Amino acid sequence: MLRMRDDMGRDVILIREPRRIVSLVPSDTYNLFALGAGERLVGRTRYCVEPGDAVASVPEVGGTKDVDPDAVSALGPDLVLANQEENARGPLEELARRGFPILVSFPCRFADGVAHLARLARTLGLARSPAAARVVAEGHALVRPDREVDAERARYPRAFVPVWKDPLMTMNQDAFASDLLLQAGAANAFADRERQYPLAADLGRRSPIGADRAAGRDRRYPRVTEAELVERAPDLVLLPDEPYEFGEEDVAWMRGLDVPAARRGAIRLVSGRDLFWYGARAIEALPRLRAIVAELAA
């Protein structure tokens, strides 16, 4: 019997090492293959697309927000991998009601993603597997200690990373990608900006609702105005291709703004998976992001 605690503080109890896994999270689907357990994947969401050739024949059970509990049940998993941010609560509660073990992740920092990967390796009985141990060790080796980051943060270029265009949205310091930026040597230009409710308050058009009414709401992804972006004066801009697919027309738009990044030509299209997928993909991506930040900041 294996007992573990997930990121929601729930105890997850497994009678035996899981052999049939349904992943409802693209990051974790990728993690399974990175750990050498891809053959255990029996179900995935339509957004679990990597590694491409390996997952193409694995049955889909819906999207991350509209998981079909009946489709999951039909696959008979002995473990379901989920994420607090990516998956809707209703389907997860139904799967739990049906008795399926669910491991819910919610990494908000790069180191959290590495720790989750290590936990997943232990859960799968792969902690001593050379391949799994290697990728986990690589992740631990890449983590820069907080004291080191804090000592250098004032010298970091300030980066703007939008997550959506209409309305324009970004992230604050509590989002996973914001910490990944710090690990890559860039400071989030909107680190201290919390989302306000309702929308008009987020855009500065009215007063926000009280803290008691806003309690429990996700405040990591504020809507911002173009004027606010100009005021924040980012030194570099990274435009991801997911969840919104920014493109060359968006590069041209950013070049037209009166911000240091535009004047310096420090605007780059980047992979959203490199920024937002935690665990194995982030471990692979961090050296790439460090190289991009260094190039744009030069």
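A residue counts as buried when its relative accessible area is under 20%. In this predicted model, Asp 274 comes out at 7%, so it is buried. Asp 274 is part of helix H14, which covers residues 272–276. Setting aside neighbours within four places in sequence, Asp 274 touches Leu 180, Arg 281, Ala 285, Arg 288 and Leu 289.

Arg 134 makes a handy contrast. With a relative accessible area of 56%, Arg 134 is exposed, and its place is in helix H6, residues 130–142. Between the C-alpha atoms of Arg 134 and Pro 198 there are 46 Å, with the two residues 64 apart along the chain.

Turning to the rings, the model has 5 aromatic pairs. One of them joins Trp 164 and Tyr 244 edge-to-face, at 5.3 Å centre to centre and 70° between the planes. Trp 164 sits in the loop between strand E7 and helix H8, and Tyr 244 in the loop between strand E9 and helix H12, so this pair ties together parts 80 residues apart in sequence. Trp 164 is partly exposed at 35% relative accessibility, and Tyr 244 is partly exposed too, at 23%.

Another edge-to-face pair is made by Phe 176 and Tyr 278, with 6.4 Å between centres and 70° between planes. Here Phe 176 belongs to helix H8 and Tyr 278 to the loop between H14 and helix H15, 102 residues apart. Phe 176 and Tyr 278 are both buried.

Trp 164 and Tyr 244 also turn up with Phe 246 in one aromatic cluster. Elsewhere, Arg 217 places its charged end over the ring of Tyr 197, 4.9 Å from the ring centre.

Terms used:
Residues numbered from 1 in each chain as written. Predicted model: local features only at pLDDT ≥ 70, side-chain atom pairs only at ≥ 80, totals over all residues. Heavy atoms only, no water. Helix = DSSP H or I, 4+ residues; strand = E, 2+ residues; numbered from the N terminus. Buried < 20%, exposed > 50% of the residue type's maximum accessible area, 1.4 Å probe, protein only. Contact = heavy atoms within 4.5 Å. Phe/Tyr/Trp six-rings, centres within 6.5 Å; stacked < 30°, edge-to-face > 60°. Lys NZ or Arg CZ within 6 Å of the ring centre and 35° of its normal.
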